[in-house]
Amino acid sequence: MKRSIQKIAVLGSGIMGSRIACHFANIGVNVLLLDIVPKELSDEEKKKGLNLDSPEVKNRIVNTALQATLKANPSPIYKKSFTSRIRTGNFTDNMKDIASCDWILEAVVENLDIKKSVFTEVEKFRKPGTLVTSNTSGIPIHLMDEGRSEDFQKHFCGTHFFNPPRYLRLLEIIPTPKTDPAVVEFLMNYGDLFLGKSTVLCKDTPAFIANRIGVFSIMSLFHLVEKMGLTIDDIDKLTGPVLGRPKSATFRTCDVVGLDTLVKVALDVLARCPNDESKDTFKLPAFVQKLVDNKWFGDKTNQGFYKKVKGEKGKSEILTLDLKTFEYKAKGKSRFPTLDQTKSIDNLKDRIKVLFAGTDVAGEFYRSSFAELFRYITYRIPEIADDIQQIDEAVCAGFGWEIGPFAIWDLLGIQNVISVMEQKQMAPAPWVYEMLKKGVSSFYEYKNGQQEFYDLQKGSRKSKSGGSQIILLDACREKTVWKNAGCSLIDIGDSVLNLEFHTKMNTIGGEVIEGMSKAIDIAEKDFAGLVIGSEGQNFSAGANLAMIFMFATDQEFDEIDMAIRAFQNMNMRVRYSGIPVVVAPHALTLGGGCEMSLHADRVVASAETYIGLVEFGVGLIPGGGGSKEMTLRASDAYGDGNIDEQVLREYYLTIAMAKVSTSGHEAYDLKILRAGRDEVVINPKRVITDAKRAVLEIAADGYSKPIPRKDIKVLGRSGMCMFYAGANAMMSGNFISPHDQLISQKLATVMCGGDLSAPTLVSEQYLLDLEREAFLSLCGERKTLERIQSILTSGKPLRN
């Protein structure tokens with residue numbers, strides 16, 4: 001049966017239901033979101049003279065829930081306009097409408113009886129062959145379809161999304177013994193290709209895969225806190241970004257998710273898994289039980305492991321719970337020599353090796369926590385998963401780990417870790433020793449451009465199903481064509497190269513500029529085209545501000561001029577090379593990273609791309625061709641008519657307000673992505689693969705080197721007057737500072753073509769020269785240097 005999803009019904013509009021509805025709207029699916037009708041009127045409804053049969057009343061629960069979700073930060077929706085794809089209703093009046101849906105997804109309260117009653121209603125109206133799934137996080141899937149028709153059972157399974165569905169990429173697929181294998185295959189592929197998920201096939205076991213492992217890891221840390229005498233601040237320092245995990249680390253994550261939710265999972269595993277060799281780990285430590293008794297569940301109760309309070313001067317302050325006194329106190333500063341050793345190590349894999357080898361309390365903590373975790377995961381195969389890859393992918397996608405537990409074990413050395421585990425009476429399952437006896441010394445291996453993993457059932461390695469469809473740069477490194485300290489040029493097959501950055505936060509400096517030039521030289525000579533993309537956390541945080549600050553402080557303006565010329569020339573080379581160049585941005589793509597994208601033949605962006613020209617934030621204007629390019633695009637938007645000042649103003653404000661898109665789709669509204677030319681890819685793992693496909697498409701269509709533009713319409717003096725007047729008014733009203741006024745005027749000068757007496761046509765190079773002149777003059781401003789220094793001191797990327 002050929003199956004497509006044009007319309008989905010989401011039953012239940014709570015936090016998960018509404019957010020799942022938003023994510024389906026994100027990908028272009030029409031959504032019917034339903035919930036129960038209220039049993040009584042609200043005070044406001046009584047004042048309006050409404051009754052329980054009023055449509056406004058009947059849909060109050062679902063509409064209120066959806067509106068609350070849409071106000072969430074970060075947003076669950078790619079663009080506000082996408083909400084038009086969601087239609088709301090109620091179970092009483094609109095359950096019949098599910099007959100027109102291709103997929104019915106249940107997301108009501110976690111109660112088996114309630115879910116079964118909903119499915120009884122669903123069975124009355126669904127058309128045969130329609131998918132029916134449950135978003136349960138722990139109720140046994142096989143219990144839900146009891147008493148249902150054969151067709152219902154064939155098309156039913158669990159689909160466990162993680163919250164928030166837009167951002168956490170895991171989708172666990174949990175079939176029952178009666179689920180049609182074709183349905184499972186469809187959902188696995190649909191989740192990957194259309195929803196952008198890491199789809200993981202799970203067994204119908206307590207907590208499935210990610211929560212079983214993730215909650216075990218958290219519970220294990222709870223017990224280690226007591227055993228080692230560590231504090232909440234210590235643990236969150238040790239288990240956050242330094243380890244390749246989210247900033248919320250352990251205890252803050254518990255507060256966000258809700259300690260009651262975590263405890264519910266832990267106690268459920270404890271009750272339903274009597275043969276789990278580590279079941280005692282799921283027992284609640286005394287301090288956790290006390291939090292539960294106090295109903296201190298975290299953010300939902302305004303206090304948990306942390307508490308937000310107002311200080312003496314009315315400023316918000318985060319206090320930390322002292323587990324010994326159970327009083328909140330100021331956040332402590334945790335210092336460990338091992339962590340100090342890793343401050344200069346940007347590469348996560350290298351950093352983890354140092355952490356594991358630490359000789360202080362931190363090192364002992366890592367060895368103890370890893371030993372318990374590694375032992376646990378070896379005994380979960382084949383109970384909850386058939387292979388190691390499923391466990392790693394579930395934990396990474398569900399809990400935001402950059403590297404999965406088996407992959408961490410690999411990089412530390414299997415035998416080396418086993419020695420530590422045995423010393424701690426934490427020996428792994430027998431199959432690990434059997435694997436080593438067969439001469440297999442790692443869980444993973446890159447081979448022929450793919451990642452292979454050890455298969456317990458076969459006793460040898462195998463590739464992930466569908467893995468050949470996705471390009472993994474790590475698997476292609478043996479085909480590195482050229483590299484320097486800042487980037488690598490890799491042959492990714494079919495005569496296409498990929499240039500990958502690996503500077504700190506992928507900032508653009510001399511090494512990257514050299515790499516860009518070299519990559520295009522090599523590609524023009526021997527290859528069909530070039531992709532610029534990476535698998536790091538971010539595409540690029542922009543230009544190397546530290547270098548600019550150093551030169552400006554020393555008043556080495558000739559050096560800045562050379563650097564900016566080189567950057568401009570690099571981006572113009574991207575635009576005017578002899579081969580197609582496709583840029584593949586994802587996550588943070590700021591400043592110089594955005595300018596590079598603006599000059600590509602095509603941009604293939606991840607849906608989670610936060611892109612913008614943010615230079616105003618440090619007292620500068622885009623100097624790598626960004627100001628020029630937005631002027632050029634404004635000129636093209638005029639068409640054959642006269643210059644439209646409102647159009648020019650729109651492009652101007654994108655820079656002047658340092659606007660950053662909250663998604664790849666929103667970048668179209670900022671005129672950074674071009675409709676009909678650039679693309680947005682839902683699954684971040686597929687961005688480089690799709691960028692390669694774009695290169696080959698452009699090449700096959702007969703690519704020819706573009707000609708530099710000399711027909712850019714600019715307003716000249718009249719346009720400058722308009723923008724100057726606006727900046728003066730903003731300054732007079734105290735909305736901007738005198739320095740902001742100066743930057744605004746400099747940008748206006750560039751985008752209007754300078755002090756020209758009348759509108760005219762100018763060249764790209766003319767605008768680049770104006771842009772560089774304005775950039776250099778701003779580098780000499782004291783306020784600019786102060787802003788740059790502030791950004792560098794904070795260690796955070798510049799954003800609007």
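1. In this predicted model, a search of the whole structure finds 1 cavity of 30 Å³ or more. The space in the largest cavity comes to about 80 Å³.

2. The lining of the largest cavity is formed by Phe216, Ser217, Ser220, Leu221, Thr239, Leu243, Arg245, Phe365, Ser369, Phe370 and Leu373. At least two of the lining residues come from each of helix 10 (210-228) and helix 17 (361-379). By class, the lining of the largest cavity comprises 6 nonpolar, 4 polar and 1 charged residues.

3. Seen in the order 15-16-17-18-19-21-23, 7 strands make up an open sheet with mixed pairing. Strand 15 (480-483) and strand 23 (679-681) each have a single partner strand and stand at the edges, so one side of each is left without a neighbour in the sheet. On average, neighbouring strands of this sheet are turned by 20° against each other, direction ignored.

4. Within the sheet, strand 18 (residues 529-532) and strand 19 (residues 581-583) run parallel and are joined by 3 bridges. Isoleucine 532 has valine 583, in strand 19, as its bridge partner.

5. Helix 22 (residues 510-526) lies across strand 15, strand 16 (487-491), strand 17 (496-501) and strand 18, and runs at about 175° to strand 17. Helix 29 (residues 687-700) also packs on the sheet, where it touches strand 17, strand 18, strand 19, strand 21 (602-606) and strand 23. The direction of helix 29 makes about 165° with that of strand 21.

Notes
Residues are numbered from 1 along each chain as its sequence is written. This is a predicted model: local features need pLDDT of at least 70, side-chain atom pairs count only at pLDDT 80 or more; totals for chains, interfaces and linings use all residues. Side-chain values use heavy atoms; hydrogens and water are left out. On a 1 Å grid over the protein atoms alone, a cavity is a set of points where a 1.4 Å probe fits but cannot get out, and a pocket is an open set with protein on both sides within 12 Å along at least five of seven lines; lining residues have an atom within 4 Å of a point. Grid points are joined across faces, edges and corners, and a volume is the space filled by probe spheres set on the points. Helices (H or I, at least four residues) and strands (E, at least two) are DSSP runs, numbered from the N terminus. Ala, Val, Leu, Ile, Met, Phe, Trp, Tyr, Cys and Pro count as nonpolar, Asp, Glu, Lys and Arg as charged, and the others, Gly among them, as polar. Two strands pair if DSSP finds at least two bridges between them. Axes are lines fitted to C-alpha atoms, for helices over the stretch in contact, and angles run from 0 to 180 degrees between N-to-C directions. Contact means heavy atoms within 4.5 Å.
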